[in-house]
Each structure stands twice: as structure tokens, then as C-alpha cells.
Amino acid sequence: VPQTESVRWLGADDRDLAAGVRRIVLDVVGKGGAIGWPDGATAGEVDAWFADRLADAAAGRCRFALARDDSGVLQALGRWVRNPNAVWRHNATISQVMTHSDARGRGLARAVMEALIADARAAGIESLVLNVRGNNHGAERLYRSLGFREVGVLRDYVAVGAHRFDLVDYQLILGQPADIVRHGRTAGGPGST
Ligand SMILES: CC(C)(COP(=O)(O)OP(=O)(O)OC[C@H]1O[C@@H](n2cnc3c(N)ncnc32)[C@H](O)[C@@H]1OP(=O)(O)O)[C@@H](O)C(=O)NCCC(=O)NCCS
């Protein structure tokens, strides 16, 4: 999916975006955002994380979207990754969608999500999955508004110190080939016991 005015894709030569990405991630982590970094992060840790994402994007292992505001400042990001398991490869996972706290409520996360969905669809991905901490109701509202449906709950799965939160799984079916045979949970077929 092509880049739009506000959303661009991370490429192998985008090392110079490190400072803009660091600014977003440090802000979100510093304010306790639910992106899997509960104990805070240093600039060096975020830079190492970004270097890994750059390598992933360069190798085609991930599609990493970045959104700018009207002034051209990077303010939001997110990515999708094809599931590695041989029988799950037609699905992908969206993770760590986030917007700098200065730029929330302006549709930037929605723009990132719409780009990720369109891009995964164009890549032939049949379904997208993601998960949300049980108290992240704003994010759930965003995902639901885009068509994601809740498919399960892992109890007390998220630990932040002594606190436990449920993890809520969501899925969005994008498109399936006409010739697939859907078995659902019916007995029979490979793997049946
Ligand atoms: C969740 C988050 C990404 C939303 O970013 P954002 O750029 O402010 O979101 P948008 O402006 O694109 O809002 C899109 C939709 O999300 C929902 N939403 C976002 N924040 C919300 C809030 N605080 N309360 C209720 N709904 C909210 C709304 O449905 C909104 O649509 P609407 O404006 O048409 O009602 C942002 O709050 C964030 O970075 N949080 C910390 C990190 C995080 O939790 N990421 C998600 C991990 S699963």
C-alpha cells in the first residue's frame, strides 16, 4: 500500500528516524502506556529496539508504519508481522500501536491502523490479530471501530508489579481465498484426535 501524506513505511535507510521514534516511545512508556514496557525505558533501550525494527523492516519481516502530524512531526507508529508458524503464516499480528501524548485524539492511531490493515490485506494476509490489556478501553474502542472482534480473554495475563490485568485477543478477518475449506472445530481432518 503506498504511503499517504500522513503515513509512511519504515525502510532500510531510515536510521535518521531514530530520534523521532525515540521521542514517541519514551513519552508513551514514561506515561505508563500499555505497550509492554512497564518498568520504563532508557533512550539506549529504545534505540536498540528501533534498530531491531529497522532490521526487521529491511529484511521484510515486518511492516512498520509511522504517522506525522500536520506540521510534519512524527507522532504515531505501529507495525504488523506475519506469524512465523508454518500453519499460521496466513495471519499477522499488529503490535505496539502508539501516539505521542501531545498528539492524541487527532486520528493518528486510526490512520496508522487503517494503513496497517490495508497493507496487510494487499499482502494477502487473511486475518489480523492483536491483543489489548483489559483496562485499555480507548484502544479497544479504536480496534472495534475498525471491525476487530473480541475472540478471547487470557485471565490475569498481564503483570505490572503486583497488579494483574486480563489480556483481550482481537481478530479481523481480511479476506480468504475462495477455495479454502473451513473446518472450524469439527472433528476429522489433519490433527484430529
Ligand atoms: C490508544 C492510542 C494509540 C490512541 O491514539 P490516538 O492517536 O489518540 O487515537 P485516535 O485519535 O486515532 O482515535 C481513534 C479512536 O480511538 C478511540 N480512542 C482513542 N483514545 C481514546 C480514549 N482515551 N478514550 C476513548 N476512546 C479513545 C476512539 O474510538 C477514537 O475514535 P473517535 O475519535 O472517532 O472516537 C493512544 O492513546 C496511545 O498511544 N496509548 C498508549 C499506548 C497504547 O495503549 N497503545 C495500544 C496498545 S494495544
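1. Which polar backbone atom lies 3.1 Å from an oxygen atom of the ligand? The atom belongs to Ala109. The model is predicted, so local features are given at pLDDT of at least 70 and side-chain atom pairs at pLDDT 80 or more, whereas totals for chains, interfaces and linings use all residues. Residues are numbered from 1 along each chain as its sequence is written, and side-chain values rest on heavy atoms, with hydrogens and water left out.

2. Ligand surroundings. The ligand is surrounded by 20 residues, the closest being Val97, Thr99, Gly105, Gly107 and Asn136; a residue is counted if one of its heavy atoms lies within 4 Å of the molecule. A backbone N or O atom of Leu108 is 3.5 Å from a ligand oxygen atom. A polar contact is a pair of N or O atoms within 3.5 Å; within protein, one must be able to donate a hydrogen and the other to accept it, and residues adjacent in sequence count only if both atoms are side-chain atoms.

3. The sheet. Seven strands form an open sheet with mixed pairing, in the order E1-E2-E3-E4-E5-E7-E6. Strands (E, at least two residues) and helices (H or I, at least four) are DSSP runs numbered from the N terminus, and two strands pair if DSSP finds at least two bridges between them. E1 and strand E6 (149–160) are at the edges with a single partner strand each, so one side of each has no neighbour in the sheet. From one strand to the next, the twist averages 25°.

4. Strand E3. E3 pairs with E2 in the antiparallel sense over six bridges, and Ala67 stands opposite Ala76 in E3. These two strands form a hairpin with five residues between them, where Gly72 in the turn has a positive phi of about 90°. E3 and E4 are likewise antiparallel, over six bridges; Arg82 faces Ala92 in E4, and Trp80 stands opposite Ile94 in E4. Seven of the nine residues of E3 are buried, so this strand is largely enclosed by the rest of the structure. Buried means under 20% relative accessible area, exposed over 50%, and partly exposed in between (1.4 Å probe, protein chains only).

5. Helices on the sheet. Helix H1 (residues 18–30) lies across E2, E3 and E4 and runs at about 90° to E3. Helix H2 (residues 43–58) also packs on the sheet, touching E2, E3 and E4, with its direction at about 50° to that of E3. Axes are lines fitted to C-alpha atoms, for helices over the stretch in contact, and angles run from 0 to 180 degrees between N-to-C directions.

6. Leu167. This residue lies in strand E7 and is buried, at a relative accessible area of 10%. Leu167 and Gly152 are 15 residues apart in sequence and 8.5 Å apart in space, C-alpha to C-alpha. Not counting residues up to four places away in sequence, Leu167 touches several residues, including Asn131, Val132, Gly152 and Tyr157; contact means heavy atoms within 4.5 Å.
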